[in-house]
Amino acid sequence: MVVVLYTGIFMRKKGKPYNNIVFAFHKLTVVVIFITVFLIYIQHFKIVTFEELGLILFLVSGFVFAASFISGILLSFKKTSSFYLTVFHRIASWLTVLFIPLIWIICH
């Protein structure tokens with residue numbers, strides 16, 4: 001996650017057009033994290049008994065992560081890239097990072 005945040009901030013600071021190597025590394029890392037998080041979600045649903053708040057946070061974090069992932073995909077196209085989508089992507093990305101320790105504290 002640190003690598004994704006660092007490369008995302010690096011791309012934002014440098015502006016468009018993005019460095020192709022950094023952009024590709026950012027996207028590949030996100031795909032690996034997406035697959036890993038999906039597998040972790042499946043395992044947690046099998047072994048962890050969630051309280052109401054923990055389950056809600058767990059599901060909301062999944063939707064926030066998916067929103068961050070989808071908005072990132074949309075930002076890579078010129079036609080859908082806009083200021084509001086960029087702000088949404090940044091907020092969703094940071095919320096994803098903030099949910100990780102919050103869920104860990106509540107569910108463990």
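This note goes through the predicted model point by point.

1. Basis. The model is predicted: local features need pLDDT of at least 70, side-chain atom pairs count only at pLDDT 80 or more, and totals for chains, interfaces and linings use all residues. Residues are numbered from 1 along each chain as its sequence is written, and side-chain values use heavy atoms, with hydrogens and water left out.

2. Overall build. The chain has four helices and zero strands. Helices here are DSSP runs (H or I, at least four residues), strands likewise (E, at least two), numbered from the N terminus. The C-alpha trace spans about 45 × 25 × 20 Å along its principal axes. Of the 108 residues, 28% are buried (under 20% relative accessible area; exposed is over 50%, partly exposed in between; 1.4 Å probe, protein chains only).

3. Helix α3. This helix covers residues 52–75. Its 24 residues should span 34 Å at 1.5 Å a residue, and the end C-alpha atoms are 34 Å apart, which agrees. The expected span is 1.5 Å times one less than the number of residues. Buried positions in α3 include Leu 57, Phe 58, Ser 61, Val 64, Phe 65 and Ser 68. An α-helix has 3.6 residues a turn, so residues three or four places apart point the same way.

4. His 26. This residue sits in helix α2 (residues 20–47). His 26 is buried, at 8% relative accessible area. Leaving aside residues up to four places away in sequence, His 26 touches Val 4, Thr 7, Gly 8 and Met 11 (contact: heavy atoms within 4.5 Å).

5. Val 87. Helix α4 (residues 83–107) holds Val 87. Its relative accessibility is 30%, so Val 87 counts as partly exposed.
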